[in-house]
Amino acid sequence: MEIKELILQAEDIHKATELISSKLGNPVIIENKNFELISYSSSFDQFDLTQQKTILSKKCPIFIIDRLKKEGIVHRLEKHSDPIRVHSMEELGFHQRVVIAAKYLGNTMGYIWIQESDKLLQSDDLAFLEEISPHLGHLINDVYSEDNAKKGRKEEIWWQLLHHEYGSESQLRHDASLAKLTLPERFSVVVFSITASPYKSMLDHLEKMVHNSYIHSQIYALKTEYQVILVLYGKSDKKFSSLELARSMIEKVKDETGEEKFYNFLIGVGKEYTSLYHLRKSFLEALEVIETANFISPRPESMPREFAHLGIYRYLATLYEKNSSKDYYSDDLLSLIKNDAEKQTDLLRTLEVYLANDGKGKQTANELFIHPNTLNYRIKKIQELTNIDFNDFNMKVYLYTELLLLNNVEAYYQRYKGAVKEI
């Protein structure tokens, strides 16, 4: 029997994914209409950086989705049924691939992505994708149906809220009443995601921890393969009470897990809201924190976990893309990197901590474990080697942002090191 016939007869989406990958000779990922992972072929090591992040976080990175929307790819997928070739974005770790919408009864259920790692798809391959995509749309629809059947009615309501699948709040409240589900009047969403698949057991432990907690009545937990999603109930009359609960919960998890294991979690905290319509918004905010942390691999405790405090970190992926594509460098930072390499100084790190502490000498010296006089010497040396004006606010903000990229994104630092050799 031909592979196409086997796919069209397949009732399991994971089996169909493997068959598609076998037929086309390339890695395959299937996502739902919200760009959340459903299935992927087994050859994980062949996936590019973007797809590896998608597999680990269970969702396509937001900055990739934004780029696809900006270039009109998402709109074309919604309007047409033929495959689209998306060219590589090397600066984002996104290799060339082909994508086609998987539709069911005229509605887009999700997307089939074929990364062109080993070979380009030919016209007959593209025709093959058009033929099988409706069946994949049917299978994605079945995945939703099966998931809803397996989960209790309460959990189903939460997932519908997270995915904005309720037509009206009155219908939502009616269904919640029937399911005896108490909906929060004030809430925040917290997402715990693991950094790699070997740490899956940590999610089981976290789920038990939440269940056994004395505040478990104020938390509703949803678990996926790589994440635990917590809806935290705040006090209706106390602003920021759900965020206070989130902070104490995270500290409790840290204490019980142990510091070394704890940092295998990526944690995002969405903003607090009082309208159920914004539950998905808080969820997406928490995911954005995780995706940002996943992008920059921050040093422990250096990056805010709360979306409301994320600040400049939100724009690091965009700045990384722009600066890399334009081959841009700061001459001042190049000078410091060169000096650090040649004379074994630590001026780059000193500058970052000094700017992070808004020029407060004592605080900076304490954080660097150096004497204030040593700090003064280093700052004077920085001024001798560069044109940095510490009275120029715009320059300080720009430098701090560039330093966050240099000290958290290895590929960005290597770009600078390569440029230093040409000076």
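Over the face of which residue does Lys 23 lie? In this predicted model, local features need pLDDT of at least 70 and side-chain atom pairs count only at pLDDT 80 or more, whereas totals for chains, interfaces and linings use all residues. Residues are numbered from 1 along each chain as its sequence is written, and side-chain values use heavy atoms, with hydrogens and water left out.

Lys 23 lies over the face of Phe 128, at 5.5 Å from the ring centre. The charged end of Arg 97 sits over the ring of Phe 94, 3.8 Å from its centre. A charge sits over a ring if NZ of Lys or CZ of Arg is within 6 Å of the ring centre and within 35 degrees of the ring normal.

Rings of Phe, Tyr and Trp (its six-membered ring) pair if their centres lie within 6.5 Å, and planes under 30 degrees apart count as stacked, over 60 as edge-to-face and the rest as tilted. By this rule the count comes to 13 aromatic pairs. One of them, Phe 35 with Tyr 111, is stacked, at 5.0 Å centre to centre and 20° between the planes. Both residues are buried (under 20% relative accessible area, with a 1.4 Å probe and protein chains only; exposed is over 50%, partly exposed in between). The rings of Tyr 412 and Tyr 416 have centres 5.7 Å apart and planes at 50°, so this pair is tilted. Tyr 412 is buried, at 0% relative accessibility, and Tyr 416 is likewise buried, with a relative accessible area of 0%. Ring pairs link Tyr 412 and Tyr 416 into a cluster with Phe 63, Phe 295, Tyr 320 and Tyr 329.
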